Amino acid sequence: MIKSIKTPCYVCEEALLEKNLELLDYVQQRSGAKIILALKGFAMWSTFDLVKRYLHGCTASGLHEAKLAYEKFGKEVHTYSPAFNDEDIQEIAKISDHIVFNSPSQLMRFKDVVKSINPNVSLSIRINPEVSSSPVDIYNPCGIYSRLGTTLANFDESVLEHIEGLNFHALCEQDADALEEVLEAFEEKFSKYFKGLKYINFGGGHHITRKGYDVEKLISLISDFRAKYDVEVYLEPGEAVGWQTGFLISSVLDTFKNGMNVAILDTSAEAHMPDTLAMPYRAMVRGSGEAGEKAHTYRFGGNTCLAGDIMGDYSFDEPLKVGDKVIFEDQIHYTFVKNTTFNGIRLPSLAIWRKNGTIDIIKDFGYEDYKNRLS
Ligand SMILES: *Cc1c(COP(=O)(O)O)cnc(C)c1O
């Protein structure tokens with residue numbers, strides 16, 4: 001059945017997504033936290049009927065994600081952006097339940113207009129706890145000269161009368177012990193401001209659904225925090241929702257030898273799997289080994305002109321042929337939300353593998369999608 005899918009195509013497996021949601025719901029039930037989906041990591045809205053049975057809403061990075069959350073998810077809409085502009089904030093105010101400002105100056109600039117449009121909106125400030133053990137600088141929001149969040153030195157106490165919560169986001173693919181470290185710094189610096197607050201949002205980056213994540217520790221950190229400060233706690237993971245919920249299937253278009261075996265695929269690391277180059281990391285390929293581990297090793301390259309558009313070296317028991325399918329595992333988070341049409345390359349279709357075994361192609365892309373983004 002997989003073999004008949006027109007490639008390239010992302011296939012999200014409903015049963016695996018639901019398994020993640022069940023674990024996240026277990027965390028909610030046991031800890032009392034509310035979990036919302038960070039759309040920037042996973043925005044396949046045709047799955048939202050399922051996702052919203054478990055999660056409380058979405059966190060959006062600006063107007064477009066807020067609109068998608070409002071239209072397609074419907075529950076709580078939390079909107080944060082490093083900076084809002086005069087135009088977007090009007091519509092964001094109408095459809096958001098929480099608006100999270102990055103700085104006291106942004107809050108002071110927009111609080112009145114937001115409240116005049118929507119008196120029920122809850123305002124918060126993102127703070128920078130200045131502690132993070134994020135694995136790489138590009139994903140470290142607490143690094144030197146960071147623009148993300150307000151440090152204690154930049155915190156202006158006059159914002160307190162306008163806010164009902166504080167947000168931080170300092171983790172990236174991390175375990176509960178990393179959260180514990182951040183919480184310690186956060187509490188030390190900011191707990192003097194917690195009095196009267198309704199909620200604290202612990203951001204994303206909690207790798208809750210990864211095998212080996214210490215779920216019980218997360219639950220006790222949240223429970224203790226709620227008991228100590230009498231506030232609601234939110235988590236807003238993206239990756240943990242989409243983690244290992246499906247794959248990107250592609251086809252071999254050509255193979256040849258240039259010092260080693262090279263295979264060209266109908267997908268692209270640059271355009272379709274951007275984090276493999278940005279992080280960087282090597283995506284797993286189903287049925288493959290490390291270079292040299294099996295009899296036939298290939299360097300997989302994308303179908304663009306970028307020399308570095310390379311997925312990595314993979315080995316197989318049998319030689320690859322034109323038309324063979326190559327399945328990159330775990331390509332549902334931070335992939336189609338970041339895709340580009342570099343080189344005019346076709347965007348992979350989007351499909352859902354239903355629990356009853358059928359695979360529905362829910363979206364196909366073509367020339368029009370490329371053309372419509374240009375003029
Ligand atoms: C990226 C981001 C998230 C989600 O992070 P994940 O690593 O996908 O869990 C949540 N909140 C904020 C503010 C973010 O920037």
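# Notebook: pocket, ligand and backbone

**Entry 1. The second largest pocket.** Helix 3 (63-73) and strand 17 (359-363) each give at least two residues to the lining of the second largest pocket. I keep in mind that this is a predicted model.

Which element gives the largest share of that lining? Helix 3 does, with 3 residues. I then looked at the lining as a whole, which has 19 residues. Ala-43, Trp-45, Phe-336, Leu-350 and Phe-365 are the ones that lie nearest the centre of the pocket. By class, I noted 12 nonpolar, 3 polar and 4 charged residues in this lining. The space in the second largest pocket comes to about 700 Å³. To picture such a value, I recall that a probe the size of a water molecule, rolled over the atoms, shows where empty space is left.

**Entry 2. The ligand.** Next I listed the neighbours. Ala-38, Lys-40, Arg-126, His-169, Gly-204, Gly-205, Glu-236, Pro-237, Gly-238, Glu-239 and Tyr-334 surround the ligand. Sorted by class, this shell holds 3 nonpolar, 4 polar and 4 charged residues.

With its backbone, Gly-205 places an N or O atom 2.8 Å from an oxygen atom of the ligand. For Glu-239, I again found a backbone N or O atom, 2.8 Å from a ligand oxygen. Tyr-334 uses its side chain: an N or O atom there is 2.5 Å from an oxygen atom of the ligand. How much of the ligand's accessible area does the protein cover? On its own the ligand has 390 Å², and the protein covers 86% of this.

Entry 3. Most peptide bonds are trans, and most residues other than glycine have a negative phi.

I found a cis peptide bond between Thr-7 and Pro-8, with omega about -5°. Pro-8 sits in the segment before strand 1 (9-13). Met-279 and Pro-280 are also joined by a cis peptide bond, with omega about -15°. I traced Pro-280 to the loop between helix 10 (274-278) and strand 13 (296-301).

Last, I looked at Asp-230. This residue is not a glycine, yet its phi is positive, about 55°. Asp-230 lies in the loop that runs between helix 7 (215-229) and strand 10 (232-235).

Methods: Residues are numbered from 1 along each chain as its sequence is written. This is a predicted model: local features need pLDDT of at least 70, side-chain atom pairs count only at pLDDT 80 or more; totals for chains, interfaces and linings use all residues. Side-chain values use heavy atoms; hydrogens and water are left out. A residue is near a molecule or strand if one of its heavy atoms lies within 4 Å of it. A polar contact is a pair of N or O atoms within 3.5 Å; within protein, one must be able to donate a hydrogen and the other to accept it, and residues adjacent in sequence count only if both atoms are side-chain atoms. Accessible areas come from the Shrake-Rupley method with a 1.4 Å probe; for residues, only the protein chains shown count as cover. Ala, Val, Leu, Ile, Met, Phe, Trp, Tyr, Cys and Pro count as nonpolar, Asp, Glu, Lys and Arg as charged, and the others, Gly among them, as polar. On a 1 Å grid over the protein atoms alone, a cavity is a set of points where a 1.4 Å probe fits but cannot get out, and a pocket is an open set with protein on both sides within 12 Å along at least five of seven lines; lining residues have an atom within 4 Å of a point. Grid points are joined across faces, edges and corners, and a volume is the space filled by probe spheres set on the points. Helices (H or I, at least four residues) and strands (E, at least two) are DSSP runs, numbered from the N terminus.
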